[in-house]
Amino acid sequence: MVFCGGIWGLVPALAKTATEDGAHPFGLTWWQGIGGGAILLIILAIRRKRLPLDKVHLQLYVFCGLIGTIMPTLALFYAAEHISAGIMAMLMATVPIAAYILSLALRIDKFQVMRTLGIALGVLAVALLVLPGSETSITDPLWVLVALLVPLGYAIENVFVAIRSPRGTDATVLVCGMVLTGGLIMTPVMLATGTWYPITWPLSNAELSVLAIFVVNILSYGMFIALIFAAGPVLASMSGYFTVLTGILWGMALLGESHGLWFWVALVTMLAGMAMVQERKVERTVTVT
């Protein structure tokens, strides 16, 4: 959980760098799907594993490709041009909140006062970062709403994978299918809109960031799917809290963003909230052997 959140915390800072030279979010999203999927296909070939193409797997690839790859990636690149990396990272704290609500609605989880209070502390930590007068105060509600599509997409995907993923399928196989399908769906969109983003040698900082993002996505995504299988969607979503903290720190280190006392108060509040959340495993409803 710490690894997934910590490494993904790099993505907001990298996304801001990737958009510096005017690259369109469509082209950048295409690279995330096709580039990441190509690397994973090579890994699968080396491991002599195949990509299942039966109906159950294809449904999973398409749904997660749309909701868990395309929607959050597009939202990330669009929002990166308008709000800070620290704020984008901070908004990831809403992933476990949305996942818990979805789990309750689908009756795969149950209401617990202590867990709810823990999530409430996470919300309070986010509020402390955006209060008027805070150095990270949000001033553009429209782009905040766009940025919130990132955690919303991940939350929906978390729950879907937890209850509908084929049992026994390797996590790398699932990630490859999801990411590659997202790239394939984006291909005609990217070509029709003329938003191709060429990557040429020598690599600029923006191009390096594009490549770094899909490498980071592969590492964090694979570990994240494995975490969902082992512990369930809500606990997996809690890695978003570490994304908040490390994302702010990466923004400070790489982009020179600065934060004051509110950050440290929010840090203590968020860690306290995480300690109060307890997870109950959920059963997947699809079995493939």
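Here is a walk through this predicted model, from its overall build to its cavities and then to a few local details. Local features need pLDDT of at least 70 and side-chain atom pairs count only at pLDDT 80 or more, while totals for chains, interfaces and linings use all residues. Residues are numbered from 1 along each chain as its sequence is written, and side-chain values use heavy atoms, with hydrogens and water left out.

Let's start with the overall build. The protein has 14 helices and zero strands, where helices (H or I, at least four residues) and strands (E, at least two) are DSSP runs numbered from the N terminus. Reading along the sequence, you get α-α-α-α-α-α-α-α-α-α-α-α-α-α. Of the 289 residues in the protein, 54% are buried; buried means under 20% relative accessible area, exposed means over 50%, and partly exposed is in between, with a 1.4 Å probe and protein chains only.

What about the cysteines? The structure holds zero disulfides, a disulfide being a pair of cysteine sulfur atoms within 2.5 Å. Cys64 counts as buried because its relative accessibility is 0%, and Cys176 counts as buried because its relative accessibility is 0%.

Now for the empty space inside. Rolling a probe the size of a water molecule over the atoms shows where empty space is left. A search of the whole structure turns up two cavities of 30 Å³ or more. A cavity here is a set of points, on a 1 Å grid over the protein atoms alone, where a 1.4 Å probe fits but cannot get out, and lining residues have an atom within 4 Å of a point. Grid points are joined across faces, edges and corners, and a volume is the space filled by probe spheres set on the points.

The largest cavity holds about 360 Å³ of space. Its lining has 26 residues, and the closest to the centre are Trp8, Tyr154, Asn217, Ser220 and Tyr221. Which helices supply at least two residues each to that lining? They are H1 (2-8), H3 (25-46), H4 (55-80), H9 (149-164), H11 (205-231) and H13 (239-255). H11 gives the most, with seven residues. By class, the lining of the largest cavity divides into 14 nonpolar, 11 polar and one charged. For that count, Ala, Val, Leu, Ile, Met, Phe, Trp, Tyr, Cys and Pro are nonpolar, Asp, Glu, Lys and Arg are charged, and the others, Gly among them, are polar.

The second largest cavity holds about 40 Å³. Trp8, Leu76, Met88, Met92, Ala147 and Val150 line this one, which gives six nonpolar, no polar and no charged residues.

Phe214 counts as buried because its relative accessibility is 7%. The C-alpha atoms of Phe214 and Gly36 are separated by 5.2 Å, although the two residues are 178 residues apart along the chain.

Next, a look at some individual helices. H3 has 22 residues and reaches 32 Å from its first C-alpha to its last, close to the 32 Å expected; the expected span is 1.5 Å times one less than the number of residues. H6 (residues 94-105) has 12 residues and reaches 17 Å, close to the 16 Å expected. Its buried residues are Val95, Pro96, Ile97, Ala99, Tyr100 and Ser103. H10 (residues 171-193) has 23 residues and reaches 33 Å, close to the 33 Å expected. Where does H10 bend? The bend is at Met186, by about 30°, and a proline, Pro188, follows within four residues. That bend is the angle between axes fitted to the seven residues ending there and the seven starting there.

Finally, the backbone has some spots to check. Most residues other than glycine have a negative phi, and most peptide bonds are trans. Arg48 has a positive phi of about 55° although it is not a glycine. Arg48 lies in the loop between H3 and H4 and counts as exposed because its relative accessibility is 80%. Just after H6, Arg107 takes a positive phi of about 60°. H10 is followed by Gly194, with a positive phi near 65°. In the loop between H10 and H11 you'll find Pro202, and the peptide bond from Trp201 to Pro202 is cis, with omega near -5°.

Conventions: On a 1 Å grid over the protein atoms alone, a cavity is a set of points where a 1.4 Å probe fits but cannot get out, and a pocket is an open set with protein on both sides within 12 Å along at least five of seven lines; lining residues have an atom within 4 Å of a point.
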